[in-house]
Every structure is written in structure tokens, then in C-alpha cells.
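Let's take a friendly walk through a protein model. Please have a look at the sequence and the 3D view first, and then read on.

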Amino acid sequence: MVYPDTFEGFAITSGDQWQSPKRFEFKPKPFGDFDIDVKIIACGVCGSDLHTATGGWGNKNWPLVPGHEIIGHAVKVGPKVTSVKVGDRVGVGAQISACLDCPQCKEDNETYCKEQLDTYGSVYPDGTLAHGGYSSHIRAHEHFTFPIPEALKTEEAAPMLCAGLTAYSPIFRNGAGPGKKIGIIGVGGIGHFGIMFAKALGAEVWAISRSSAKKADALKMGADGFLETRVKDWNVPHEFTFDMILNTASSDDGFDLAPYLSLLRVHGKFISVGLPEGEGSKVRPQSLLANGCMIGASHLGSRKETLDMLQLAADKGIKSWVETIPVSEKGCGEALTRLHNNDVRYRFTLVDYDKQF
Ligand SMILES: [Zn+2]
Ligand SMILES: [Zn+2]
């Protein structure tokens with residue numbers, strides 16, 4: 001172990017070597033007054049890790065350690081940190097920095113700050129490349145370090161920090177609650193949180209998926225109904241009934257937007273959080289005329305929403321559906337490969353960090 005001068009992790013060494021992460025030692029950014037060093041005990045495996053590792057979202061600075069659903073214990077806190085003590089169990093999600101001073105930051109929209117930095121793959125002002133949670137430690141500003149409620153298990157809390165928040169923020173901001181009907185496209189890592197959180201907020205929730213393969217699971221997660229889009233005219237009985245649809249699909253191959261939009265009430269919203277690698281769908285204003293619907297997107301969420309979401313999960317007993325895999329060169333490669341093959345229900349969390357670091 002080389003802490004505190006360097007950290008160690010499992011890095012992707014190039015886009016064509018994504019299935020074979022390699023042990024890698026790296027230097028973290030300089031320690032700041034508001035920083036916390038976290039000794040990692042678990043990390044979820046996000047679709048972003050895969051898109052990044054394969055180079056699908058463009059080439060990166062290799063080697064690069066992925067992982068942005070991180071749980072660990074604070075081992076060092078800066079002199080100006082007030083919200084975390086050494087020993088606390090904390091989480092770090094997909095955003096690691098923002099200016100905290102611009103209008104967006106001051107209005108709980110730090111995820112839309114022009115200076116926002118991703119937890120891994122971004123470059124700090126001093127030139128340090130940020131690495132993620134398939135590693136021994138992470139250094140994060142306290143604004144992006146979240147105390148984890150005691151009621152949440154580590155491996156279940158981890159995936160909430162990106163997938164959970166990505167679903168929670170747009171659902172919450174669009175008023176999911178009693179009397180609202182919410183659709184969730186895609187029963188996957190993000191989608192399964194969409195179903196559980198929309199339900200916990202009191203909305204009527206429908207899962208929308210190509211086939212009925214995940215119907216039983218979606219109903220177990222709390223979905224009130226299930227729409228199978230390969231059925232002819234699947235949308236017709238539900239036209240003009242949905243207040244909002246959250247699109248979590250990360251591929252848009254063969255995706256025909258029209259029947260989805262037809263589900264929306266007047267001025268209903270279609271919000272995408274999946275980020276396909278291709279060119280995406282083409283939209284003409286004419287497609288939006290029948291109900292005056294709106295199309296948008298959403299990025300992560302705020303610190304405030306993260307804390308609210310974790311508390312909601314603790315209060316309502318929401319349990320992420322996770323499979324754990326021991327962290328290692330082999331384990332990280334296996335998790336990415338199985339995610340690539342869609343062989344996951346519905347999230348992997350890397351564990352057993354004390355055996356590697
Ligand atoms: Zn800002
Ligand atoms: Zn993520």
C-alpha cells in the first residue's frame with residue numbers, strides 16, 4: 001500500500017483492452033482544505049464505465065481507472081471540512097468538482113456548472129487526471145462526499161450514487177407524486193431505480209420495455225403496470241395519460257419515438273438520461289404537435305437531491321438489486337464484460353477491497 005502519496009487501482013490501458021484492466025499506481029491531485037480522502041470499500045459498475053472503457057464515447061487519456069459509485073470510509077479530512085469526520089462511511093458519485101460559486105451552483109444545479117468535473121477521466125486545473133473507484137482511495141471535495149445513512153447496506157447504496165441519482169433527480173424535479181403517472185423506459189441499472197423511486201414518491205409507475213422478459217422483476221420493484229413495445233399498437237390504450245416518461249435506454253437502435261410521445265398528456269415531458277453512442281433520433285417539431293409535449297435530458301443531480309434520495313431509500317427500505325463481484329483485475333474485467341453482454345440484474349457492485357489494497 002502506497003497511500004498517502006499514491007493510490008492504486010485497476011485501470012483500462014486502451015479502448016481495445018477494456019476487458020483486461022491492469023493494476024496501476026497513480027498520484028492524486030494535491031490535497032485541499034475542503035478535501036476528504038476516502039478508503040474505498042465498494043464501487044458500483046456503471047454503464048458509463050463501459051462506454052468509457054471501450055472508447056465508445058471517444059478516446060480517453062489512458063491508463064484510466066473507472067468507477068463512480070463509490071463507498072468507503074473517510075481516512076483524512078481537510079481543515080475546512082465540516083460535514084464528515086474521520087471514520088465516517090461516505091459515498092462519492094459521478095461528479096467530483098464544480099466551482100460552487102456560479103448561479104447554477106448556488107441554485108442546487110452544480111451538476112450543470114460550466115466547471116463541473118467528472119469523477120474519472122477529467123483533468124483538474126493543475127493537470128492531474130482524475131481516476132475513479134476501482135481503486136484503493138479517492139480524494140474528493142466535501143460537497144461531493146455524502147454521508148451514507150446507517151440503514152443502507154454498502155453494496156446497495158453504491159449504485160444509488162450515479163444510477164439512483166440519475167433517475168431520482170428528473171423524476172423528483174418533474175413532480176412525481178400522488179396523482180402522477182410516470183413511465184420508465186428500460187428496466188436496467190437506472191430504470192430499476194426509476195421504478196422504485198417514482199413509486200416511493202407516490203406516483204403510478206409503468207415500466208416500458210421491448211419484451212416482457214423483465215415484467216415479473218419490474219412488478220416486484222413496484223411497477224403498477226408494464227408495457228411491451230414489440231406488441232402492435234402497444235401505446236394506443238395509454239395515449240394522453242402519462243405526465244412524464246424517463247428514457248433510460250442507452251441504445252437507440254431501431255427506436256421509434258412517436259409511439260412513446262403519444263403516451264404523454266398535453267405538455268407532458270419525455271426526459272432522456274441514457275446516452276447512446278450513435279447519432280440519436282431525429283426530431284421534427286411536427287412530431288411534438290399532437291400533445292405539445294416536451295423533450296429534454298437530465299444530468300445526475302445535486303448534493304441536496306443525493307442526500308434526499310439516500311434518506312428516502314433508508315426511510316422506505318428501498319433495496320437496490322445488486323450482484324457483488326470481488327474487486328481485482330479479473331473481477332473488474334468480468335463485471336464490464338457481463339455488463340457489455342447485458343448479463344446483469346440490475347447492477348454490479350465491486351466489493352472485498354481489503355483483499356486487494
Ligand atoms: Zn459553478
Ligand atoms: Zn454512472
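## A loop and its contacts

Setting aside neighbours within four places in sequence, E239 is in contact with S262 and L263 (contact means heavy atoms within 4.5 Å). This is a predicted model, in which local features need pLDDT of at least 70 and side-chain atom pairs count only at pLDDT 80 or more, while totals for chains, interfaces and linings use all residues. Residues are numbered from 1 along each chain as its sequence is written, chains are lettered from A and ligands numbered from 1 in the order in which they are written, and side-chain values use heavy atoms, with hydrogens and water left out.

E239 sits in the loop between strand 12 (225-228) and strand 13 (242-247); helices (H or I, at least four residues) and strands (E, at least two) are DSSP runs, numbered from the N terminus. The C-alpha atoms of E239 and L264 are 6.5 Å apart, although 25 residues separate the two along the chain.

Now turn to N291, in the loop between strand 14 (264-272) and strand 15 (294-297). Beyond its neighbours within four places in sequence, N291 is in contact with several residues, including F240, S262 and L264. A polar atom of the N291 side chain lies 2.8 Å from the backbone oxygen of L261.

Is N291 buried or exposed? N291 counts as buried because its relative accessibility is 5%. Buried means under 20% relative accessible area, exposed over 50%, and partly exposed in between (1.4 Å probe, protein chains only). The table gives this value for some other residues.

| Residue | Relative accessibility | Class |
|---|---|---|
| C99 | 27% | partly exposed |
| C102 | 16% | buried |
| D108 | 36% | partly exposed |
| D233 | 45% | partly exposed |
| E239 | 33% | partly exposed |

Which residues coordinate the zinc ion (ligand 1)? They are C99, C102, C105 and C113, each through its SG atom, at 2.3 to 2.4 Å. Donors are N, O and S atoms within 2.8 Å of the metal (3.2 Å for Na, K and Ca); water is not among the atoms, so sites may look incomplete. Along the chain, the donors of the zinc ion (ligand 1) follow the spacing C-x2-C-x2-C-x7-C. The angles among its four donor atoms are 104 to 118°, and the site is tetrahedral, a label for four donors with all angles between 85 and 135 degrees.

The zinc ion (ligand 2) is coordinated by C46 (SG), H68 (NE2) and C162 (SG), at 1.9 to 2.2 Å. The pair C46 and C162 links distant parts of the chain, 116 residues apart. C46 is in the loop between strand 3 (35-45) and helix 1 (47-53), and C162 is in the loop between helix 3 (154-157) and helix 4 (163-173). Both C46 and C162 are buried.

## Backbone details

Most residues other than glycine have a negative phi, and most peptide bonds are trans. Against that background, look at D108, whose phi is near 55°, a positive value in a residue other than glycine. D108 lies in the loop between helix 2 (103-106) and strand 7 (117-118). D233 is not a glycine either, yet has a positive phi of about 55°; D233 is in the loop between strand 12 and strand 13.

There are cis peptide bonds to find as well. One joins Y3 and P4, with omega about 15°, and P4 is in the segment before strand 1 (7-11). Another joins W62 and P63, with omega about -10°; the place of P63 is in the loop between helix 1 and strand 4 (70-77).

Note on methods: Four donors count as tetrahedral if all angles lie between 85 and 135 degrees; four count as square planar and six as octahedral if opposite donors are over 155 degrees apart and all others between 65 and 115; anything else is irregular. A polar contact is a pair of N or O atoms within 3.5 Å; within protein, one must be able to donate a hydrogen and the other to accept it, and residues adjacent in sequence count only if both atoms are side-chain atoms.
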